[in-house]
Amino acid sequence: MGDISALSVGKSVFGVNMSMRYVLTPERKFSVSVSKKVAGRAVDRNRIRRRVYSVLRDVKDGVKKPAFIMIIPKRECQSIKIVEIRNELLSLLNKAGLSI
């Protein structure tokens, strides 16, 4: 089963600024998907994606269960600080039971 079709049977966790879909897999992978509804211009979507990936680099070692994790930022992610993105990601990982 491929990664994308596996997400259809995965689980979801929702936060204020982003949501997360995940499915347990043998290895740990991350993906960030920013919709055109969130940011119309590609420049803005890429900026959001880069900010989330920069936080994921620091947070990924806290993920104890291997899973394919897809982060889906909401419109509010354009205007929040990196610290808030980090807190939201940690909160989502805790809700999903993937972190310590």
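## Pairing around β4

In this predicted model, lysine 29 lies opposite phenylalanine 68 of β4. Phenylalanine 30 is likewise paired with a residue of β4, its bridge partner being isoleucine 69. The two strands, β3 and β4, are parallel and are joined by four bridges.

Phenylalanine 68 in β4 also stands opposite valine 23. Between β2 and β4 there are seven bridges, and these strands run antiparallel. Of the seven residues of β4, six are buried, which leaves the strand mostly covered.

## The sheet as a whole

The four strands form an open sheet in the order β1-β2-β4-β3, and the pairing is mixed. The edges are taken by β1 and β3, each of which has a single partner strand, so one side of each has no neighbour in the sheet. On average, neighbouring strands are turned by 20° against each other, direction ignored. Strands of a sheet pair through backbone hydrogen bonds, in either the parallel or the antiparallel sense.

## Helix α2

Helix α2 covers residues 42-59, 18 residues in number. Its first and last C-alpha atoms are 25 Å apart, close to the 26 Å expected at 1.5 Å a residue. The buried residues of α2 are Asp44, Arg45, Ile48, Arg51, Val52, Val55, Leu56 and Val59. Viewed down the helix axis, these buried residues fall within an arc of 140°, so they line one face of α2. An α-helix has 3.6 residues a turn, so residues three or four places apart point the same way. On the face of α2 turned away from the buried side are the exposed residues Val43, Arg50, Arg57 and Asp58.

Among the elements that cover the buried residues of α2 are β3 (29-32), β4 (67-73) and α3 (82-96). The helix α2 packs on the sheet, where it touches β3 and β4, and its direction makes about 155° with that of β3. Together, β3, α2 and β4 form a β-α-β unit that is left-handed.

Helix α3 lies across β1, β2 and β4, and runs at about 40° to β2.

Serine 19 belongs to strand β2, which spans residues 18-24. Is serine 19 buried or exposed? Its relative accessible area is 9%, under the 20% cut-off, so serine 19 counts as buried. Beyond its neighbours within four places in sequence, serine 19 contacts Val13, Phe14, Met70, Ile71, Ile72, Lys74 and Leu92.

## Glycine 10

Glycine 10 sits in the loop that connects α1 (3-7) with β1 (11-14). When residues up to four places away in sequence are not counted, glycine 10 touches Arg21, Tyr22 and Val23. Glycine 10 and leucine 98 are 88 residues apart along the chain, and a distance of 13 Å separates their C-alpha atoms.

Definitions and conventions: Residues are numbered from 1 along each chain as its sequence is written. This is a predicted model: local features need pLDDT of at least 70, side-chain atom pairs count only at pLDDT 80 or more; totals for chains, interfaces and linings use all residues. Side-chain values use heavy atoms; hydrogens and water are left out. Buried means under 20% relative accessible area, exposed over 50%, partly exposed in between (1.4 Å probe, protein chains only). Contact means heavy atoms within 4.5 Å. The expected span of a helix is 1.5 Å times one less than its number of residues. The arc is that of the directions from the helix axis to the C-beta atoms. Two strands pair if DSSP finds at least two bridges between them. A crossover is right-handed if, with the strands pointing away from the viewer, the path from the first strand over the helix to the second runs clockwise. Axes are lines fitted to C-alpha atoms, for helices over the stretch in contact, and angles run from 0 to 180 degrees between N-to-C directions.
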